[in-house]
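Please keep the sequence and the three-dimensional view at hand while reading.

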Amino acid sequence: MQNMVSLEGRTIVVTGAAQGIGKATSELAVALGARVVAVDLNQAGLDALAQALGKNVATYAGDVSDPKFVQGAIDDVSTRFGVVHGLVNNAGIIRPAMIEKMTLQQWNEVIAVHLTGAFLWTQAVGRRMIEAANAGGFAGGSIINISSVAGRGGSIGQINYAAAKAGLLGMTMSIAKEWARYNIRANSVCFGVVETPMTETIRGEKFRDGVLSRIPMGRWAQTDEVVKPICFLLSDAASYITGQHVPVDGGYLITV
Ligand code: NAD
């Protein structure tokens with residue numbers, strides 16, 4: 001039977017690919033047939049990923065919010081591999097503090113990585129996709145912005161993160177509206193709490209019981225289960241889905 005979520009022949013850029021959700025996305029995308037362009041600050045993590053996945057991964061080490069790095073990487077990717085079909089804006093950081101104590105630096109750092117980074121990659125990759133669409137024979141593009149329940153419901157101690165994640169939802173809908181005519185789709189995936197290094201504190205003794213009590217499924221998510229919806233949205237199985245924010249949160253958002 002045909003694999004409905006095949007990514008055979010697709011080139012997909014994944015930011016924040018050295019660990020956590022980005023690494024798991026890269027692994028599944030390659031298993032589904034894609035070539036992955038893995039981007040991260042962490043060179044050693046990228047090297048380990050490339051070693052594990054072999055020739056189907058090309059790595060680029062740098063800061064997602066650095067315009068020169070982004071443009072240089074995409075120019076190189078286009079020369080080496082031609083058309084890019086997918087982009088997962090996943091790189092992220094947290095700089096928690098209560099609003100009254102948050103520094104401007106903490107605010108700026110989070111906005112730069114999540115929001116400005118996603119904008120820069122979307123623009124650089126999208127321009128290439130538009131060129132391919134205008135040239136004819138383009139299989140279509142899919143852009144996934146990794147958001148969070150924090151972007152839908154706010155978050156105590158993380159106004160910077162919640163604002164960035166809500167901003168990504170606006171970005172998703174704008175991309176969907178502007179670029180549908182090029183057959184470029186854009187969707188957000190909103191995670192609850194996934195077991196990765198980023199969530200060590202929230203899963204620790206102090207917050208654990210309170211957070212778990214708000215998740216109807218009563219457990220944290222594993223990386224290998226949350227990346228399946230990302231690859232579904234990248235694939236042709238989602239060919240008529242655009243501008244949406246897909247919750248992957250064990251029911252977190254439906255609790256009041
Ligand atoms: P993680 O901390 O395990 O991995 C993040 C990766 O991004 C790291 O490899 C890091 O080096 C990279 N990165 C950070 N800043 C970068 C920069 N400026 N340039 C390039 N790379 C950079 O985090 P994760 O849990 O895998 O989270 C991935 C995404 O999912 C993030 O956007 C995060 O906000 C989002 N998310 C995670 C959860 C969760 O529960 N883990 C929930 C909701 C949303």
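In helix α1, the buried residues are I21, G22, A24, T25, S26, A29 and V30, where buried means under 20% relative accessible area, exposed means over 50% and partly exposed lies in between, with a 1.4 Å probe and protein chains only. Helices (H or I, at least four residues) and strands (E, at least two) are DSSP runs, numbered from the N terminus. The model is a predicted one, in which local features need pLDDT of at least 70 and side-chain atom pairs count only at pLDDT 80 or more, while totals for chains, interfaces and linings use all residues. Residues are numbered from 1 along each chain as its sequence is written, and side-chain values use heavy atoms, with hydrogens and water left out.

Just after α1, G33 takes a positive phi of about 110 degrees.

Two of the buried residues of α1, T25 and A29, are also among the residues touched by C231, which lists L7, T25, L28, A29 and L32 once residues up to four places away in sequence are not counted; contact means heavy atoms within 4.5 Å. C231 lies in helix α8 (residues 223-234) and counts as buried at 1% relative accessibility. The C-alpha atoms of C231 and S142 are separated by 10.0 Å, although these residues are 89 residues apart along the chain.

## Helix α4 and its two partners

Helix α4 (residues 104-135) can be followed through its pairing with helix α3 (residues 67-81), where the two axes come within 10 Å and cross at roughly 30 degrees. That angle makes α3 roughly parallel to α4, since angles under 35 degrees count as roughly parallel, over 145 as roughly antiparallel, 65 to 115 as roughly perpendicular and the rest as oblique. The axes are lines fitted to C-alpha atoms, for helices over the stretch in contact, and angles run from 0 to 180 degrees between N-to-C directions.

Which residues of α3 and α4 meet? From α3 come P67, F69, V70, Q71, A73, I74, D75 and S78, and from α4 come L120, W121, A124, V125, R127 and R128. The residues of this contact of α3 with α4 divide into nine nonpolar, two polar and three charged, with Ala, Val, Leu, Ile, Met, Phe, Trp, Tyr, Cys and Pro counted as nonpolar, Asp, Glu, Lys and Arg as charged, and the others, Gly among them, as polar.

The axes of α4 and α6 come within 8 Å and cross at roughly 15 degrees, and these two helices are therefore roughly parallel to each other. Among the residues making this contact are W107, I111, L115 and F119 of α4 together with Y161, A164, L168 and M171 of α6. By class, the contact of α4 with α6 has 15 nonpolar, seven polar and one charged residues.

S65 lies in the loop between β3 (57-61) and α3, and, leaving aside its neighbours within four places in sequence, S65 is in contact with A112, V113, G117 and L120. L120 also belongs to the contact of α3 with α4.

S188 lies in strand β6 (residues 184-191) and is buried, with a relative accessible area of 0%. Not counting residues up to four places away in sequence, S188 touches N145, S147, L168, L169, T172, Q244, H245 and V246. N183, in the loop between α6 (159-179) and β6, has a phi near 65 degrees, a positive value in a residue other than glycine, and counts as partly exposed at 40% relative accessibility.

P247 is found in strand β7 (residues 245-248) and counts as partly exposed at 43% relative accessibility. Leaving out residues up to four places away in sequence, P247 touches C190 and L253.

| Pair | Separation in sequence | C-alpha distance |
|---|---|---|
| S65 and A112 | 47 residues | 5.9 Å |
| P247 and V149 | 98 residues | 7.6 Å |
| G170 and G243 | 73 residues | 9.2 Å |

G170, in the table, has its place in helix α6 and counts as partly exposed at 30% relative accessibility.
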